[in-house]
Amino acid sequence: MAGILLVEDDPSVRTGLELALSRQGHTVTSYATGEEALDHIRARRPEIAILDVMLPGIDGVEVCRRIRKLDQLPVILLTARGDDLDVVVGLEAGADDYVIKPVEPRVLDARIRAVLRRVESLASDRITFGDLVVDRGALKVSLAGREVHLTPTELRLLLELVRHPGQVLNRRYLLRAVWDHTHVADSRLVDACVQRVRAKIEAVPAEPEFIHTVRGFGYRFSPP
């Protein structure tokens, strides 16, 4: 069971989700604003943050960005149906997953558990590809001796790619292996996460040396 930070400005939605998640055994702390959420994270780090995109003041995407500057805390966004731009911007900001509103509590609970399983399932191992070193036991990645800060989801994606060097992994496979999703429309999770990992491990992300796009198929990890 998880210690959850829930940020939702609609009182009825916030209360409903808090009650539903509490019934699943989670410990839920809820706030109506991003400012309150950031203060809470600084004082007491939760295990996962659930952020509504449309918040007064600092919105959920900006809260996610600020979290990513300090921490690799798992983040799930709540977004209105059809707001594809919010989803893409949120994923690029570093969110691990998203759930479309109106939120079905059982779906949200399943997504929370899937994200946390990704954190827990990183077994001890050390993989080296030239200057790139991935230490699954320590949950660390280094490039040319410098630590690279990846979220658990970004690390899981990288680990899945390096487990199959030279092989093309399609988006559907990665979606299932990393996110436990089966809906093809969620493939933007894969693309956004690949972009974030490239920005952290590639000297020139637009001309990647490690993670290559195979158009019409997926991605291939091919170390130089």
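This report looks at the aromatic pairs of a predicted model and then at the surroundings of one serine.

**Aromatic pairs**

Let's start with the rings. Searching the whole structure turns up 2 aromatic pairs. Here they are side by side:

| Pair | Geometry | Centre to centre | Angle between planes |
|---|---|---|---|
| Phe129 and Phe221 | edge-to-face | 4.9 Å | 70° |
| Phe210 and Phe221 | stacked | 6.0 Å | 15° |

In the edge-to-face pair, Phe129 belongs to strand E6 (residues 126-129) and Phe221 to strand E12 (residues 218-221), so this pair ties together parts that lie 92 residues apart in sequence. Phe129 and Phe221 are both buried.

Phe210 has a relative accessible area of 5%, so it is buried. For Phe221 the relative accessibility is 0%, which is why this residue counts as buried too.

Put together, the ring pairs join Phe129, Phe210 and Phe221 into a cluster.

**Around Ser142**

Now for a look at a serine. You will find Ser142 in strand E8, which covers residues 140-143. Is Ser142 buried or exposed? Its relative accessibility is 18%, and because the cut-off for buried is under 20%, Ser142 counts as buried. Leaving aside residues up to four places away in sequence, Ser142 touches Asp131, Leu132 and Val133, along with Glu147 and Val148.

Note on methods:
Residues are numbered from 1 along each chain as its sequence is written. This is a predicted model: local features need pLDDT of at least 70, side-chain atom pairs count only at pLDDT 80 or more; totals for chains, interfaces and linings use all residues. Side-chain values use heavy atoms; hydrogens and water are left out. Helices (H or I, at least four residues) and strands (E, at least two) are DSSP runs, numbered from the N terminus. Buried means under 20% relative accessible area, exposed over 50%, partly exposed in between (1.4 Å probe, protein chains only). Contact means heavy atoms within 4.5 Å. Rings of Phe, Tyr and Trp (its six-membered ring) pair if their centres lie within 6.5 Å; planes under 30 degrees apart count as stacked, over 60 as edge-to-face and the rest as tilted.
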